[in-house]
Amino acid sequence: MKETVRRWRNHGILALVLVIALMGSYQYLSGYTTVSSNVNGKEMPICAVETKEKRVALTFEAAWGDEDMARILKILKEQGVLATFFLTGEWAGKYPEDVKAIQEAGHDIGNHSESHRNMMGLTEEEQKEEIMNAHKKVETLTGIGMNLFRLPYDNYDDSVIRNIQSCGYYPIQWSVDSFDWKDYGADSIVEVVMNHESLENGAIIRLHCGTKYTADALEALIAGLKGRGYQIVPVSELIYKEDYHMNVMGRQIKD
Ligand SMILES: [Zn+2]
């Protein structure tokens, strides 16, 4: 009798496990078969990419000066590295020769809004203007129809993310911030990135143009990344364009 009870109890547990597994795969199949930036009802920008390939992206935000731009481009060229530059419209208007130099070198050009305002303080219409004014400016200068957008200040909510997407853009933030904008020095930039817990396959690394030390750190940073076996690719080559979903960390996962 005892034996029978135990056997039935075991069957019961097995059945329960099966039901849970079936429910899980149903949810997976029904919920994640299309392109989705939505995680449990919350919209996420792309901060990193899940991949088995040892690839990372270097991204530069250009909203301030251009005094280090020639050096940055020279080092990237010497190292055979293609990066992604997110430009504000104002910056592009001020430094059109730099924009053309970035384009000629073959780097990605992305949109960093017209005037680097906090999107959360703007109406929907103003947000779209911030995106599309920069878009038109760079298109006139280069003929490039940008589709990568870096939010100023990492401030966003669901509606900001949806507005970026409705303008034809992928919202691209980062998983590794170098904190170069804090001017702690070149060594600090390299150390922060190389010791970062999120430095892994598919990481998106954040740097800036017009800071004190970024250009000084760049050679050592690239050497460090290559030394770990990473290939450095532009964001346009790192991300999935379709058939993906996101997790809560903003990690893009192929369906
Ligand atoms: Zn910025």
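Q: Let's start with H116: is it buried or exposed, or something in between?
A: H116 is partly exposed, because 18 other C-beta atoms lie within 10 Å. The cut-offs: 20 or more other C-beta atoms within 10 Å of a residue's own makes it buried, 12 or fewer makes it exposed, and in between is partly exposed, with C-beta atoms placed from the backbone.

Q: Where is H116, and what is its phi?
A: H116 sits in the loop between β6 and α5, and its phi is near 55°, a positive value in a residue other than glycine. Helices (H or I, at least four residues) and strands (E, at least two) are DSSP runs, numbered from the N terminus.

Q: And S113, what's its phi?
A: S113 has a positive phi of about 80°, and it is not a glycine. S113 is in the loop between β6 (108-111) and α5 (124-142). S113 is buried, with 28 other C-beta atoms within 10 Å.

Q: How's the numbering done, and what kind of model is this?
A: Residues are numbered from 1 along each chain as its sequence is written. This is a predicted model, where local features need pLDDT of at least 70, side-chain atom pairs count only at pLDDT 80 or more, and totals for chains, interfaces and linings use all residues.

Q: What's the mean pLDDT of the chain?
A: The mean is 90, and 86% of the residues reach 70 or more; pLDDT is the predictor's confidence in each residue, from 0 to 100.

Q: How many helices and strands are there?
A: Nine helices and 13 strands. Of the chain's 255 residues, 38% count as buried.
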